[in-house]
Amino acid sequence: MGSLFRSEEMALCQLFLQSEAAYACVSELGELGLVQFRDLNPDVNAFQRKFVNEVRRCDEMERKLRYLEKEIKKDGIPMLDTGESPEAPQPREMIDLEATFEKLENELREVNQNAEALKRNFLELTELKHILRKTQVFFDEMADNQNEDEQAQLLGEEGVRANQPGQNLKLGFVAGVILREKLPAFERMLWRACRGNVFLRQAMIESPLEDPTNGDQVYKSVFIIFFQGDQLKTRVKKICEGFRATLYPCPEAPADRREMAMGVMTRIEDLNTVLGQTQDHRHRVLVAAAKNLKNWFVKVRKIKAIYHTLNLFNLDVTQKCLIAECWVPLLDIETIQLALRRGTERSGSSVPPILNRMQTFENPPTYNRTNKFTKAFQALIDAYGVASYREMNPAPYTIITFPFLFAVMFGDLGHGAIMALFGLWMIRKEKGLAAQKTDNEIWNIFFAGRYIIFLMGAFSMYTGLIYNDIFSKSLNIFGSHWHLSYNKSTVWNNNFLQLSPATSDYEGTPYPFGLDPIWQVATSNKIVFQNAYKMKISIIFGVLHMIFGVIMSWHNHTYFRNRLSLIYEFIPQLVFLLVLFFYMVLLMFIKWNRYEATNAFPMTEACAPSILITFIDMVLFKESKAPGKDCNVYMFWGQSFFQTVFVLIALACIPVMLLGKPIKIMQARKLANVQPITGGSSDAEVGGMSNGGGGGHHDEEEMSEIFIHQGIHTIEYVLGSVSHTASYLRLWALSLAHAQLAEVLWTMVLSLGLNKEGWLGGIFLTVVFAFWAVLTVGILVLMEGLSAFLHTLRLHWVEFQSKFYMGQGYAFAPFSFDSIIENGSAAAGETE
């Protein structure tokens, strides 16, 4: 249980592995995931390390697998994922894997090249088929237009002058296919470049054609261009080439065109058959590869991670032994040694590995063991900063305080039930949902925090019962302890009713659990009552939360034997909080106990002093004023004296926090004759404490810097105590806002449907209820829940953790196959 409240004890070990057993031993350690290796070759280039060739081979295999994966996804073939993780293959199996991947890639590339060539041929034949069909109409029109006027229209005046009697006019033509979007620009260019001496006819191809290069569907048009002379022919062909139009041979004689069309149709049918067989073969290859692709990826990434890790090791002079340094949890050393023995037995080596513990003055990494329940809460803490080594871990306490403070702001039985049921559904279905690995970031965040969501919802249901609030209405479980003297018409029609405990309407006994449901009809003073109630409990919870944070610092100081911080930081900080803010909390309880509406004078509610005014007068050394003429100024005997003493004690704590620790360090340096920067024994040791993850290191720090840092820390704590206490008022503000927004939704939306009668009213109520439900889930549960979550996170990070949590460590990053495969990259195996 100690590791739950503090990080695991870590040890720096030296590992000696026989060369032939190193691969198998590292493989076993990767499956275990409890060892963080250090790079013993920081100055060696990555391309000059011993196993760089093996890493390159793994990169090449991974590239081939990604190519296969892309082709499989392109065809929509499902990849088999059993969820199992195969063991890392032996080095000799790399050759078989490489041969398999090489064969698959070459076969697939050859099939793709053949398919692309066949598709390109099929596209050409299809375009030629459309040209032969469409141009038949153009030639029929040209056969009917052989008179001189039409020729003049086609060729212009120069062409008419050239067509003198006795000369036969012979028109040339080219036919082809062009992309439909290029046709207008193509036509304009022909007109300008040829000065209008060409005649263009075009017809659209209705069905789209497949581009063999990328598989896109494109729309094209058939065109035929008539011209006269070789000069125009050359110009027209260059323009077609510039617009990437495809030209095809087209016979002039109708018989030749019919014969060519028949041949084209025959070839298209043959190509369709060959294309189908090619696609079937490609599909069979991909289906066979899809069955093993996930396992292949896992195997290759494990091999790559192992060689990445082996590159961190040193070779001894005999080249027969690999030396590594690693951080390991102290409790797991035996487990690691067992894994090393298994690796040695698998490799067949006769020399056992050696694991020696080393002495070091480095700060070890921070490792907090988590399970699926505590992992999300630990992530909240680590998002602020990874704990220093062996520092108190706030995560166990956050499991309770986080959902509770959230529930204080989100207290509603109905909304809490929605949130709790959603979290419970994710918990019950977690295996199936975890197997559906999705890239949706929002869903992944929700699923990772499923236990937090469930606890927040469950705690909100509890506070909702305390507030007696369910969708802005109350539950009448125990009846009411009020008996209204108003008649029914007054209750229903008067919008300004008040509940006064000074009258006989109140029985004088507290409600068994939560708030009395009668407060829902007290439309005038309900919010006044709830304001006073929720504001005070917010301050009470806040002060207790901060005091608990200061007490946590005591555990850190005692663990690290930090006597100076214990005497000159913890004690004055705790006293400062107790004599000021905890005293203010005590005044609230005294006021609740001594002042009642029905008490005898002068202990009536009218004589109850304001806690805030009393606290301000106390700090300013002012005499408090009585609320009324015959009222007592103070709530108990000697209050003025105690308040003066408390303020003086609090003021005395400030110079102790500000100067105590720096002066002691300065005295210790003089006694030990230690210079600020020359090293020697540390101030922590001289002052009676040992250096550690949370201890203070001052041996290399100037005295001026120590005074400045201590001054900043003292000012931050003193001023922060006031601002942090006020910050907990967000519990009151958000709780009130949430309740009022729920009441607005009920009054402005759902009540409209409830007031309608008849069958039309039922239909209208259904529509209104659906609208109300969407607004409730979208605004009150999601948006308000996110707002309360962020405010709760701030209260823990700033108001609570700032009292004891340094968060200056670095996380333990073990060599683990699970994390490497989850991240999808073997580069994660490079840890230092």
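1. Basis of the values. The model is predicted, so that local features need pLDDT of at least 70 and side-chain atom pairs count only at pLDDT 80 or more, while totals for chains, interfaces and linings use all residues. Residues are numbered from 1 along each chain as its sequence is written, and side-chain values use heavy atoms, with hydrogens and water left out.

2. Cysteines. The structure contains zero disulfides, a disulfide being a pair of cysteine sulfur atoms within 2.5 Å. For Cys 194, the nearest cysteine sulfur belongs to Cys 240 and is 9.3 Å away. Cys 194 is buried at a relative accessible area of 1%, and Cys 250 is buried at 12%. Here buried means under 20% relative accessible area, exposed over 50%, and partly exposed in between (1.4 Å probe, protein chains only).

3. Across the whole structure, 28 salt bridges are found; the criterion is a side-chain nitrogen of Lys or Arg within 4 Å of a carboxyl oxygen of Asp or Glu. One of them joins Arg 57 and Glu 98, with an N to O distance of 3.0 Å. Arg 57 belongs to helix 3 (residues 52-74) and Glu 98 to helix 4 (residues 93-144), so the pair ties together parts that are 41 residues apart in sequence. Helices are DSSP runs (H or I, at least four residues), numbered from the N terminus. Both partners are partly exposed: Arg 57 has a relative accessible area of 29% and Glu 98 one of 22%.

4. Glu 62 and Lys 304 form a salt bridge at 3.4 Å, N to O. This pair links distant parts of the chain, with Glu 62 in helix 3 and Lys 304 in helix 9 (residues 293-310), 242 residues apart. Glu 62 is buried, with a relative accessible area of 5%, and Lys 304 is buried as well, at 11%. The two residues also belong to a network of salt bridges that links Asp 59, Glu 62, Arg 301 and Lys 304.

5. The side chains of Lys 661 and Glu 569 pair at 3.6 Å, N to O. Lys 661 lies in helix 21 (residues 639-672) and Glu 569 in helix 19 (residues 563-594), so parts that are 92 residues apart in sequence are tied together. Lys 661 and Glu 569 are both buried.

6. Nonpolar surface patch. A patch of about 1,000 Å² includes Phe 422, Trp 425, Phe 446, Leu 741 and Met 748. Patch members have over 30% relative accessible area and no salt bridge, with nonpolar side chains (Val, Leu, Ile, Met, Phe, Trp, Tyr) joined within 5 Å and like charges within 9 Å; areas come from the Shrake-Rupley method with a 1.4 Å probe. Helix 13 (413-428), helix 15 (441-448), helix 24 (730-754) and helix 25 (758-800) each supply at least two residues, and helix 25 gives the largest share, four residues. Met 748, in helix 24, counts as exposed at 57% relative accessibility.

7. Second largest pocket. This pocket holds about 1,400 Å³ of space. Its lining comprises 32 residues, of which Pro 501, Tyr 506, Trp 519, Phe 529 and Trp 592 lie nearest its centre. On a 1 Å grid over the protein atoms alone, a pocket is an open set of points where a 1.4 Å probe fits, with protein on both sides within 12 Å along at least five of seven lines, and lining residues have an atom within 4 Å of a point. Points are joined across faces, edges and corners, and the volume is the space filled by probe spheres set on them. Helix 18 (526-559) and helix 19 each supply at least two lining residues; helix 18 gives the most, with six.
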